[in-house]
Amino acid sequence: MTQPAFHRIDGTFYVEGVSATDLAAQFGTPLYVYSRAALTAAWHAYADACAGRRASIHVAVKANSNLAVLNLFARLGAGFDIVSGGELARVLAAGGKAENVVFSGVGKTAHDMRTALEASVKCFNVESIPELDRLNAVAGALGKKAPVSLRVNPDVDPKTHPYISTGLKANKFGVAFDDARATYRAAAAMPHLDVVGIDCHIGSQITEIAPYLDAIDKLLELVDQIEADGVKIHHIDVGGGLGIRYNDETPPEIGAFVRTVLDRIEARGATDGTVREVFFEPGRSLVGNAGVLLTRVEFLKPGAEKNFAIVDAAMNDLARPAMYDAYHAIEPVVERAAPAQTYDVVGPVCESGDWLGRARTLAIEPDDLLAIRSAGAYGFVMSSNYNTRPRAAEVMVDGTRVHVARERETVAQLLAGERILPD
Ligand SMILES: *Cc1c(COP(=O)(O)O)cnc(C)c1O
């Protein structure tokens with residue numbers, strides 16, 4: 001990268017070589033904008049740290065499932081982590097290979113299992129005995145053997161938001177650590193399953209390495225027990241979850257994180273002479289800071305207690321603030337010399353929870369554009385049509401070129417599948 005992906009020229013916000021003012025003029029707002037250079041750089045941070053090691057990267061599709069984004073990662077050689085049959089269809093449409101896909105998720109349907117088996121995905125990350133039973137039956141009916149790993153809940157605290165912490169005993173995810181050995185024995189006894197690995201995913205937006213190392217140590221302890229029972233573990237999947245900087249967080253740098261994890265696992269492997277393959281499933285840390293949401297100020301509304309900046313993006317476009325109380329930096333696209341005021345930045349949706357930023361100091365006027373930062377992960381993918389709002393367009397900037405990654409939805413498209421009552 002010769003210039004940062006997001007930067008300013010004469011006070012105007014740019015994505016690579018294109019000004020946000022031009023993007024908004026050409027494609028309208030609200031608009032998701034991704035930087036190809038930023039996506040590529042985040043990929044290389046993982047891939048370079050994995051080079052020469054027995055490690056592979058499976059992009060968590062749910063963080064950003066746009067076909068252009070997935071296609072970019074597929075071209076870079078990525079594998080993918082999916083949680084539904086729909087995501088498998090996206091990966092294949094984007095040029096990804098099923099043989100590099102791991103299928104996660106706590107509630108896989110028989111239909112989705114069948115589709116994934118027919119496509120020959122690399123591994124099913126299974127989370128319960130009933131799910132093992134179902135997968136065994138579906139595979140048997142197809143005359144296939146399903147490769148499986150068990151998602152173990154290591155009961156470690158990732159110290160993140162309760163809604164995105166997944167590796168505690170109280171969470172719905174994974175096989176309880178104390179039941180894992182017995183569950184592996186059960187899986188190994190099922191004729192249409194092939195036990196190949198072990199996995200965990202302890203949460204998201206994790207800003208420390210320590211919880212990962214705690215989880216890995218517990219997994220390695222279990223691997224010894226499972227192998228003592230005669231079941232070979234070929235890979236260890238450490239999940240995703242590495243955090244990014246939204247505001248003042250200081251997550252570990254991607255390369256340092258990857259090397260620390262690989263060193264820990266290899267150090268153990270060395271004692272029993274095996275180097276097991278390590279899978280990473282990053283989502284947020286690959287795409288989060290590679291995207292922004294552009295929005296336009298509709299009205300400035302002074303209030304008795306607060307001033308509101310009412311913008312044309314809303315909780316249906318970016319749910320994270322309403323859903324997790326999440327912070328996204330918000331910057332004017334064009335810097336003004338005018339005095340700044342404190343605003344709550346809110347959308348037009350009929351909910352008091354419809355806010356994008358609170359108590360932000362901004363020098364803005366009606367019609368100004370704002371850039372909402374760090375919107376590349378869990379942004380567009382969580383958007384809805386609440387209030388019959390068509391979903392935003394998505395574009396990817398590549399130098400001075402702009403690629404339409406998803407057209408803006410129309411109201412006609414929203415109504416298309418619905419029918420009024422018959423006479
Ligand atoms: C969501 C998820 C990921 C990706 O998490 P990030 O926090 O976005 O890195 C990886 N693996 C599984 C199983 C997931 O559910």
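**Around the ligand**

Tutor: The structure holds 22 salt bridges, and, since the model is a predicted one, each value that follows is computed from predicted positions. One of these salt bridges joins the side chains of Arg54 and Glu277, with 3.5 Å from N to O. Arg54 belongs to the loop between helix H2 (36–50) and strand S5 (55–60), while Glu277 is part of strand S13 (residues 277–280), so this pair ties together parts that lie 223 residues apart in sequence.

With that in mind, we can turn to the ligand itself. The space that the ligand takes up is the largest pocket, and 14 residues surround the ligand there, the closest being Lys62, Ser204, Glu281, Arg284 and Tyr378. When the residues of this shell are sorted by kind, they divide into 3 nonpolar, 6 polar and 5 charged.

The individual contacts can then be taken one at a time. Glu281, which is among the closest residues, has an N or O atom in its side chain that is 2.6 Å from a nitrogen atom of the ligand. At Gly241 the backbone takes part, with an N or O atom that lies 2.8 Å from an oxygen atom of the ligand. The backbone of Gly283 likewise places an N or O atom 2.9 Å from an oxygen atom of the ligand.

Most residues other than glycine have a negative phi, and most peptide bonds are trans. The peptide bond from Thr29 to Pro30, however, is cis, with omega near -5°, and Pro30 is found in the loop between helix H1 (20–27) and strand S4 (31–35). Ala359, which lies in strand S18 (residues 355–362), has a positive phi, near 50°, although this residue is not a glycine.

Methods: Residues are numbered from 1 along each chain as its sequence is written. This is a predicted model: local features need pLDDT of at least 70, side-chain atom pairs count only at pLDDT 80 or more; totals for chains, interfaces and linings use all residues. Side-chain values use heavy atoms; hydrogens and water are left out. A residue is near a molecule or strand if one of its heavy atoms lies within 4 Å of it. A polar contact is a pair of N or O atoms within 3.5 Å; within protein, one must be able to donate a hydrogen and the other to accept it, and residues adjacent in sequence count only if both atoms are side-chain atoms. On a 1 Å grid over the protein atoms alone, a cavity is a set of points where a 1.4 Å probe fits but cannot get out, and a pocket is an open set with protein on both sides within 12 Å along at least five of seven lines; lining residues have an atom within 4 Å of a point. A molecule sits in a cavity or pocket if more than half of its atoms lie within 2 Å of its grid points. Ala, Val, Leu, Ile, Met, Phe, Trp, Tyr, Cys and Pro count as nonpolar, Asp, Glu, Lys and Arg as charged, and the others, Gly among them, as polar. A salt bridge is a side-chain nitrogen of Lys or Arg within 4 Å of a carboxyl oxygen of Asp or Glu. Helices (H or I, at least four residues) and strands (E, at least two) are DSSP runs, numbered from the N terminus.
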